[in-house]
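I opened my notebook for a look at packing and charge pairs. Here is what I looked up, entry by entry.

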Amino acid sequence: MSSTTYAIGVDYGTQSGRAVLVDLADGTEVADHVTPYPHHVIDEKLPESGIRLEHDWALQHPGDYLEVLKRSIPAVMRESGVDPADVVGLGIDFTATTMLPVNEAGEAVCLLPEYRDNPHSWVKLWKHHAAQEEANLINEIARKRGEKFLARYGGKTSSEWMIAKIWQILNEAPDIYEKTDRFLEAADWVVLKMTGSFTRNSCTSGYKAIWHKQDGYPGKDFFKALDPRLENLTETKLRGDILPLGSKAGELTEEMAEAMGLRPGIAVAVGNVDAHAAVPGVGVVEPGKLVMAMGTSVCHMLLGEKEIAVEGMCGVVEDGIIPGYLGYEAGQPAVGDIFEWYVEEAVPAYVKEAAADEGIGVHEYLTRLASAYKPGQTGLLALDWWNGNRSVLVDTDLTGLIVGMTLLTKPEEIYRALLEAAAFGTRKIVDAFQDSGVPVNELFACGGLPQKNALLMQIYADVTNREIKVAASKQTPALGAAMFGAVAAGSANGGYDSIVDAARKMAHVQEESYKPIPEHVAVYDKLYREYTKLHDYFGRGGNTVMKVLKSIKADAASR
């Protein structure tokens, strides 16, 4: 082994997985590679059988995750020319809760011939929202019982999380529930496949499975109150050691090492959540700095020094992001997805033709046109709920809204209104933290959106009235995952002994930042007051039309 050591980080997103090979001396990203998932997001019908899925379902194929390891890691090794002997650690991050049932051998139940035609045997992606009824009951029963865990999640748990999804499987496919030996986060399943070791990571357990470092899971009596069949859930199908971030889950097996082009015995870190891994990836290791991981959705990560209840937060977990601090999470379940929806489903043909004539993408074309408008000039205001609301309302049954359109409204005006709506949604989250006593002094951004859309980032700065610094890395979660892989290896093997040490050496932000423009701030303050009126009217029970429409739609589809 040479004096230069490396780690690999693998970031599993919604539509693809990407690997990055990182020099541990300074965080230089030597090579990266993206593997689109062959089966994409499964939200209409199952592969092969063609069995139709119901509304709000979102599944994935577990084999796609292994395909990322077998394609992207050999690709970065070939491109870099690095000796596999110099790679000392590997870490992964994942969307969450993205979960699957496995049998006693750790095999995905959906890959067993007798169960592959049952949708409940497949991986339930984070944005699978069909367990909303179960989530509602979890929240209602927890409130009635005075369960103290509820405050740690802003007063509500989500249909995106582990317990609601498990309960949906029990309710709708009890045979799959009985066949399942354990329910695993996809992150933990991939680690199992690489190492042969069953482990659970404290990040997903804390944020997505109602586990607490001091108290553990809620008591058996709570689960019995949900459903007597769930009484022993945590001792059976959620059993397993829960290890803190940076821990070594195991070592790369010979079989997987051969498939990935690495040497066996490399330290593999326990899994992590994508947004959480991004925090050290931008160098944030102290309170007051909110990190926005911006892509199809946006996750908002913040460190604090004490546990405080904040409305609509997705969780506060001790050591959940950086050891020694409370880690707070909030989020918006659709941001980039909304922009993509508009371009793919609602933009007039003439816009696409004009963009093609100029040899640029539709997003770039609309952004250029939208940049010519001043704040407030479109006369439009939108609610960013195309995929429900995660924070602060925690309600997946809410839907999108645009107000102010006329016969003169242009496509670029709508596009700008959608960008602004995303920023207003983030300000609602920032205000919730700030008003609850968890300071937010600076904003940091990472992910695909900050790299691609300067207008969006300036709008975010103006709406939040805060400077925004952008990660230098194009693959920040993967960089963070590599840092945790280096920590799993330890300094004795060429890695690091703490994530703080790794971040100080390996993380960087761009020299230029986005600063709020005072005259823009003044206008956006006015628009935000109107956004808040709409937000509260449609989101806090003043008008339930969005839910009524969803109900009528579901009834019509079932006839």
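**Charge pairs and cores**

I began with E140, which is partly exposed, with a relative accessible area of 32%. I kept in mind that this is a predicted model.

Next I looked up the partner of E140: its side chain meets that of K144 in a salt bridge, at 3.0 Å from N to O. I placed both residues in helix 2 (residues 132-145), where they sit four residues apart, about one turn of the helix. K144 has 68% relative accessibility and counts as exposed, since the cut-off for that class is over 50%.

Then I searched the whole structure for such pairs and got 32 salt bridges. A reminder to myself: side chains of opposite charge can pair when their charged atoms come close.

I picked out E48 and R116, a salt bridge whose closest N and O atoms are 3.8 Å apart. What does this pair tie together? E48 lies in the loop between strand 3 (29-36) and strand 4 (59-60), and R116 in the loop between strand 6 (99-102) and strand 7 (123-124), so the bridge ties together parts that are 68 residues apart in sequence. I checked accessibility too: E48 is exposed, at 76% relative accessible area, whereas R116 is partly exposed, at 32%.

My next stop was D56, which forms a salt bridge with K550, the closest N and O atoms being 3.6 Å apart. D56 lies in the loop between strand 3 and strand 4, while K550 belongs to helix 19 (residues 545-558), so this pair ties together parts that are 494 residues apart in sequence. D56 has 25% relative accessibility and counts as partly exposed. I also noted a network of salt bridges that links D56, D397 and K550.

How many residues does the largest nonpolar core have? I read off 69, and those with the most contacts inside this core are M292, M294, Y328, F339, F433, Y460 and I468. Helix 13 (residues 411-436) supplies the largest share of this core, with 13 residues.

I then took F339 from that list and asked which residues it touches. Leaving out residues up to four places away in sequence, F339 touches H363, Y415, L418, L419, A422, L449 and L456.

My last entry is for another core, which lies apart from the largest one and has 48 residues. I jotted down A19, A31, I42 and V123 as being among them.

Note on methods: Residues are numbered from 1 along each chain as its sequence is written. This is a predicted model: local features need pLDDT of at least 70, side-chain atom pairs count only at pLDDT 80 or more; totals for chains, interfaces and linings use all residues. Side-chain values use heavy atoms; hydrogens and water are left out. A nonpolar core is a set of buried Ala, Val, Leu, Ile, Met, Phe, Trp, Tyr and Cys residues joined through side-chain atoms within 4.5 Å. Buried means under 20% relative accessible area, exposed over 50%, partly exposed in between (1.4 Å probe, protein chains only). Helices (H or I, at least four residues) and strands (E, at least two) are DSSP runs, numbered from the N terminus. Contact means heavy atoms within 4.5 Å. A salt bridge is a side-chain nitrogen of Lys or Arg within 4 Å of a carboxyl oxygen of Asp or Glu.
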